[in-house]
Amino acid sequence: MARDPYSVLGVSKSADEKTIRDAYRQLAKKYHPDRNPDNKQAEDKFKAASAAFDIVGDKEKRAKYDRGEIGPDGNPRGPFAGGGGWQGGARGGPHQANGGYGPGAGQGRHQGYDDIGDIFSDIFGGGAGRGQGPMQGRDVRYRMDVEFAEAATGVTKRVTMPDGKTLNVTIPEGLRDGQTLRLRGQGEPGFKGGPAGDVYVEVTVRPHRFFEVEGDNVMLEVPVTLSEAVLGAKIVVPTVHGDVSVGVPRGTSSGASLRLKGKGLKNAKTGNTGDQIVRLKIVLPETTDEEFEQFIASWQGDKDQNPRARMKA
């Protein structure tokens, strides 16, 4: 006894045409006999999905089924079971005598597609009739996020693809936000012995709290105390490659920059590595005491200076 076509396709009775079509496409791709040779169970499931799509994938037949005029096998029932109805199961059946597979195979047009061949072209990536030769499998696209440090230094991430397949994705050193990695031969299997498709992984690099990127260089603003800026000091600053010790020259002004050679990002095209630019920012103590304020008030060293003199329009 034929099953309810909505249940066979795994959709609700209120599903729209696209949802029904997509559900059938997934089942047909999974159970098509050309991809499951000598697998009777898969062929039966393909036949059931095709018969179900032949009913609810056609607007008029779906309406008749919903009104109870035809059964899940396509035959009229009740008072509609007179002459002129569909006999012997769903029109065309899932497996035609001419060797074609799919609802209404070899019988022309079907609701939702210009020709039933279109759905198999979509499934197999270009007209997968039983008489065709080997074809490459479909490519798979995937998106993943990585941390800034992972992209800067490189890492291998194990990911699970939408079809459940797990892959090791190598993030190369210096990868930039938005770049796409290509994994050859890791896509969907080929058809009739054809090569597998590829996997394309689009990578989003999460922003870092401190580091910014300008070309191949990494920019970092580092706070220094007033005494470190006036008297000079050795300070430790982070880089994407680990902490390093740098010298702050005596009399450093806020905004001065230090360049750390080779501490930036690797350029995959040139093989060169950029620098890290450290911008120093003088910060005052969170709280000041009376002695400090009196010293600043009595100090005459900067009374004649105007640091904004060159900012005239």
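**Reading salt bridges**

Author: Let's start with D198 in this predicted model: D198 is buried, at a relative accessible area of 6%. The cut-off for buried is under 20%, so D198 qualifies.

Reader: Which side chain does D198 meet in a salt bridge?

Author: The general idea is that oppositely charged side chains can pair when their charged atoms come close. Here, D198 meets the side chain of R182, with 2.7 Å from N to O. R182 is in strand β4 and D198 in the loop between β4 (180-183) and β5, so their pairing ties together parts 16 residues apart in sequence. R182 itself counts as partly exposed, at 42% relative accessibility.

Reader: Which residues do salt bridges with shared partners join into one network?

Author: R259, K261 and D275 are the ones joined that way. In total, the structure holds 16 salt bridges.

Reader: How far apart in the helix are R62 and D66?

Author: They sit 4 residues apart in helix α4 (residues 59-66), which means about one helical turn separates them. R62 is buried at 13% relative accessible area, whereas D66 is partly exposed at 44%.

Reader: And which residue does E147 pair with in a salt bridge?

Author: That would be R206, with the closest N and O atoms 2.6 Å apart. This pair links distant parts of the chain, 59 residues apart: E147 is in the loop between β1 (140-146) and α6 (148-153), and R206 in the loop between β5 (199-205) and β6 (212-214). E147 is partly exposed at 36% relative accessibility, and R206 is partly exposed too, at 35%.

Terms used:
Residues numbered from 1 in each chain as written. Predicted model: local features only at pLDDT ≥ 70, side-chain atom pairs only at ≥ 80, totals over all residues. Heavy atoms only, no water. Salt bridge = Lys/Arg side-chain N within 4 Å of Asp/Glu carboxyl O. Helix = DSSP H or I, 4+ residues; strand = E, 2+ residues; numbered from the N terminus. Buried < 20%, exposed > 50% of the residue type's maximum accessible area, 1.4 Å probe, protein only.
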